[in-house]
Amino acid sequence: MVWSDEFDTNGPPDSTKWNYELGFERNEELQWYQKENAWCEDGLLILEARRERKPNPRYKEGSSSWRDNRPYIEYTSASLKTQRKHTWKYGRMIMRGKIDIRAGLW
């Protein structure tokens, strides 16, 4: 094993292992990624999606960009990645997780 994270410290994810994605990121998705929706608790990584309305700080009236033409954020979530922290060319990833599989969820 060359890398692992057991999320065994309560609080934010380990910043030496993880970066956050912030804002509207891809695929014209409705969720706004923010740090506040990710935390570790009792050995689990919690990524919480919330329906909450907030002003979009990137909003520009008349913009053609999907990131900038929405006056409000309607949903928030969290997304973590190891970019610029760890890299692999080959390998096998093993994950233990509990994922809601209802329609519309990734």
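**A contact, some strands and a pocket**

The side chains of Ser-79 and Glu-21 are joined by a polar contact of 2.5 Å. Please keep in mind that this is a predicted model.

Let me stay with Ser-79 for a moment. Ser-79 sits in the loop between E6 and strand E7, which covers residues 80–81. Is Ser-79 buried or exposed? Its relative accessibility is 14%, and because buried means under 20%, Ser-79 counts as buried. If we leave aside the neighbours within four places in sequence, Ser-79 is in contact with Asn-19, Tyr-20, Glu-21, Arg-26 and Tyr-33.

Next, Lys-17. This residue is placed in the segment before E1. What does the side chain of Lys-17 reach? The backbone oxygen of Ser-4, at 2.9 Å. Again leaving aside neighbours within four places in sequence, the contacts of Lys-17 include Trp-3, Asp-5, Lys-81 and His-86. Between Lys-17 and Leu-47 there are 16 Å in space, C-alpha to C-alpha, and the two are 30 residues apart in sequence.

Leu-47 takes us to the strands. In E4, Leu-47 is the bridge partner of Ala-38. E3 and E4 run antiparallel and are joined by four bridges. In a regular strand, side chains alternate between the two faces of the sheet.

The hairpin of E3 and E4 has two residues between the strands, and in it Asp-42 takes a positive phi near 55 degrees. Most residues other than glycine have a negative phi. Asp-42 counts as exposed, because its relative accessibility is 65% and the cut-off for exposed is over 50%. Where else does a positive phi turn up in a residue other than glycine? Glu-28 has one, near 55 degrees. Glu-28 is placed in the loop between strand E1, residues 19–20, and E2. At 52% relative accessibility, Glu-28 also counts as exposed.

Now E5 and E6. These strands run antiparallel, with four bridges between them. Pro-55 stands opposite Tyr-72 in E6. How many of the six residues of E5 are buried? The number is zero, so E5 lies largely in the open.

Rolling a probe the size of a water molecule over the atoms shows where empty space is left. The largest pocket holds about 2,000 Å³ of space. It is lined by 43 residues, and those closest to its centre are Leu-45, Leu-47, Met-95, Gly-97 and Ile-99. Leu-47, then, which bridges to Ala-38, is also among the residues closest to the pocket centre.

Which strands supply at least two residues of the lining each? They are E2 (31–33), E4 (44–47), E5 (50–55) and E6 (72–77). E4 gives the largest share, four residues. By class, the lining has 22 nonpolar residues, nine polar and 12 charged.

Definitions and conventions:
Residues numbered from 1 in each chain as written. Predicted model: local features only at pLDDT ≥ 70, side-chain atom pairs only at ≥ 80, totals over all residues. Heavy atoms only, no water. 1 Å grid on protein atoms, 1.4 Å probe; cavity = no way out; pocket = protein on both sides within 12 Å on 5 of 7 lines; lining within 4 Å. Points joined across faces, edges and corners; volume = space filled by probe spheres on them. Nonpolar A, V, L, I, M, F, W, Y, C, P; charged D, E, K, R; others polar. Pairing = 2+ DSSP bridges. Buried < 20%, exposed > 50% of the residue type's maximum accessible area, 1.4 Å probe, protein only. Contact = heavy atoms within 4.5 Å. Polar contact = N/O pair within 3.5 Å; in protein donor to acceptor, adjacent residues only side chain to side chain.
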